[in-house]
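Dear colleague,

Here is the structure I promised to hand over to you. Please have it open while you read, and after it I set out what was found.

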Amino acid sequence: MHTMSIQRKKIHPHKYSLWIAMGSITMMFIGFTSAYVVKRSQANWLAFELPHIFWLSTAVILLSSLTVHLALKQFRERNMQRYKQLITITALLGVIFAACQWIGFSQLKNSGLPLNGPVSASFIYVIVGVHMLHVLGGVVALLIMFARAYRTRIRTYSSVPIEVAATYWHFVDVLWIYLLIFLSIAR
Amino acid sequence: MSNEATLHSQQEVMHGAHDHHDHEHHHEDNFISKYVFSLDHKMIAKQFLITGIVWAIIGAFFSVVFRLQLGFPDATFPWLESILGHWAKGGRITPEAYYALVTMHGTILVFFVLTAGLSGTFSNLLIPLQVGARDMASPFMNCLSYWFFFLASLVMMASLFVQTGPASGGWTMYPPLSALGDASIGSKIGVDLWLTSMALFVVSQLLGGLNYISTLLNMRTKGMSMTKMPLTIWSFFFTAVLGVLSFPVLLSGFILLLFDRHAGTSFYLSDIFIAGKALANEGGSAILYQHLFWFLGHPEVYIIILPAMGMVSEVLAVSSRKPIFGYLAMIGSLFAICILAFLVWAHHMFVTGLNPFLGAFFVLLTLLIAVPSAIKVFNWLTTIWKGNIRFTPASLFSIGFVSTFISGGLTGIWLGNSSIDIHLHDTYFVIAHFHIVMGVSAFFGMFAGIYHWFPKMYGRFMNNTIGYIHFWVTLIGAYLIFWPMHYEGMAGMPRRYFDYSSWTSFNQFGGLNQFISIVVILVFATQLLFVFNFFYSIFKGRKLTEQNPWKATSLEWTTPINPGHGNWPGEIPEVHRWAYDYSKDGRDFIPQTEPIGPNESAH
């Protein structure tokens, strides 16, 4: 093993990468919503109310943003017990959010708007579904943080991973609020 | 306290802080960690390059096969059957095989060779070396980027062996041919594999792009300000930005396409009748796909050509022993191209019934790209003007790049005008234009890069004589192949026709098409010569005896001849000047690491 001089980085590279990745994910949803706008201006567009449970899921994800923020704060204060609790609650809220979206899909289907129905409904399934996958990705990241917190053999004192996970979590929250406002207005 | 212990203690102290110091040490590698799942950016660059070369041979071979059909539509080639089996029964390829070969040729060359092979190789190789970084921002993500690319390659390759064959709707994968499994034999599982492969490919590109941007913005060595970076790095930066912003939009288009194929949605489908029977799809529009596709598709042209532009700028300065002319203008023009690349996608859609006002808008934006492009050409020419040019294979390919970029760029002005494009659309003029500008030019940039940085990659030189033969046959051959195609296109000869010989108006080009096909075979054979030179030189090429064989100024030539993982043993060199101090103050070149003298201007 050889050791070399250290290299100073201005911002942690993982944080930098995350910001660029968030820009990239945003572009994908811009792609979806642009397609939605283009289709909306064409014939056969069917406008309908979004499932009410989407509003409940919004409250859930907002709450989860708060809990992940508090988790990060607790981590920085080395209050590991509270940190573990809050990170677990955040992951659970993420799963509840995904479950709410799934129930929303069932409600849509039961109201005569299946995935292969009108294009306007198909868009809801795809856009909300792809966002849900991003949330579930975040849940996996949080669970990894959680497992790391319980690891006894190697102690991690760097807050970078939890900062990255928290920033991503806030991002999927903001993204959902954008999508909800967009889908509510551009019906 | 040992160095390592100091690092540990630093990390302890800095926990929670935003500044971060990495623990920079590397374990001894075994075969798997050194050559297979390597975390070293230089090895990953080689992996991209060698995979790209394999793909290039396959993709180019496909073009030889379909050129046989175009050049000799009535002839049979029994040997083809032994390679392609039932796709070429009796020695003649079937129309289905023809379309599949054309589709795979385009897909492979555009994405797997000129995107991953070119950008993946040189961004990986040069970004850490030229900005003075130990490795990429995330070596693990970098490794993952290659393996996603490899996985994408395997899936695409697998599609060649399925019973119904690979996708055959064209490399653009337009619906409805791609959206309906029953549309043609090439619309079946081949399209699913194509879409899966491309999704993996997009993931690979995003992982790579994130790393490139993070590394060059965040991990530059001391003194390496943005305006001291070589133009290669600037071009890789803009390429990565284009990639991370445009590939996700393509992915959104592919996701909708997959839903149309398998979930009965109608994003792209409407009023489809098969054998007189209407399908259930309503309200979809194939044009929507085109918008999403070309939002990536046009930046993709620049994702391919920008790295080549950067490398050519570098090689021209080194080989002419002159500073690059108009360094800031070169960066500005790269930026302008990058912005405009996002605003011109609809020029691919002039014949789709686009609103004429909108068409005029896209014509204007398209023609505007000629301005930064012309700035670059002017600066390349003024860089080599009165230079003491060393005609290495790398410099010849760079000059060839400028030549073909001018040729292809000029015909782009024709196609950028909607009124002319409506006549030329889907003719051989378009084929000639884009092959010259983003096929030949980009390949020339890639060849220039390989010849120039081969010593850095392998510690040996490639054979120059073979390099000269490679250059001249390829340059003359490329013009002989694509120049006549412009005339065929102007005469209205359409692309994508399997057999044009029954139309009198196009049959007149039979002799010309035979000539083109023969040149294609010759040029292909010459590329095999290059491949031989490349692999032979890795093991048997003349060994490097000095660190800086080209007498270049940039940082990669300050590393040892065969740099290990971490690039520089000991301290990373500090930078004091830009990368183009050639023929200054009576000196041939001044490395970037040399401090600026008391009476010396910055540049």
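In chain B, the axes of helix 6 (residues 116-131) and helix 8 come within 10 Å and cross at roughly 20°, where an axis is a line fitted to C-alpha atoms, for helices over the stretch in contact, and the angle runs from 0 to 180 degrees between N-to-C directions. That makes helix 6 of chain B roughly parallel to helix 8 of chain B, since angles under 35 degrees count as roughly parallel, over 145 as roughly antiparallel, 65 to 115 as roughly perpendicular and the rest as oblique. The crossing of these two helices of chain B is left-handed, a term used if the near helix is turned anticlockwise from the far one by less than a right angle, with right-handed used if clockwise. On the side of helix 6 of chain B, the residues that meet helix 8 include B:Ala116, B:Ser119, B:Gly120 and B:Ser123, and their partners in helix 8 of chain B include B:Phe201, B:Gln205 and B:Tyr212; contact means heavy atoms within 4.5 Å.

Before going on, please note that this is a predicted model, in which local features need pLDDT of at least 70 and side-chain atom pairs count only at pLDDT 80 or more, while totals for chains, interfaces and linings use all residues. Residues are numbered from 1 along each chain as its sequence is written, chains are lettered from A and ligands numbered from 1 in the order in which they are written, and side-chain values use heavy atoms, with hydrogens and water left out.

Helix 8 of chain B covers residues 189-218, and its 30 residues reach 43 Å from the first C-alpha to the last, close to the 44 Å expected at 1.5 Å a residue, a span calculated as 1.5 Å times one less than the number of residues. Helices (H or I, at least four residues) and strands (E, at least two) are DSSP runs, numbered from the N terminus. Because 25 of its 30 residues are buried, helix 8 of chain B is largely enclosed by the rest of the structure; buried means under 20% relative accessible area, exposed over 50%, and partly exposed in between (1.4 Å probe, protein chains only).

Elsewhere in chain B, helix 11 (residues 327-341) and helix 13 (residues 370-384) pack at an angle of about 150°, with their axes 8 Å apart, and these two helices of chain B are therefore roughly antiparallel to each other. Among the residues that make this contact are B:Ala329 and B:Met330 of helix 11 of chain B, and B:Pro372 and B:Trp380 of helix 13 of chain B.

Chain A has five helices and two strands, which follow the pattern β-β-α-α-α-α-α along the sequence. Buried residues make up 52% of the 187 residues in chain A, and its C-alpha trace spans about 65 × 35 × 25 Å along its principal axes. An unreviewed UniProt entry places the feature "transmembrane region" at several stretches of chain A, including residues 16-38 and 53-72, although such annotations may be inferred rather than shown by experiment. Residues 16-38 of chain A are 100% helix and 0% strand, with end C-alpha atoms 33 Å apart, and residues 53-72 of chain A are also 100% helix and 0% strand, with end C-alpha atoms 29 Å apart.

With best wishes
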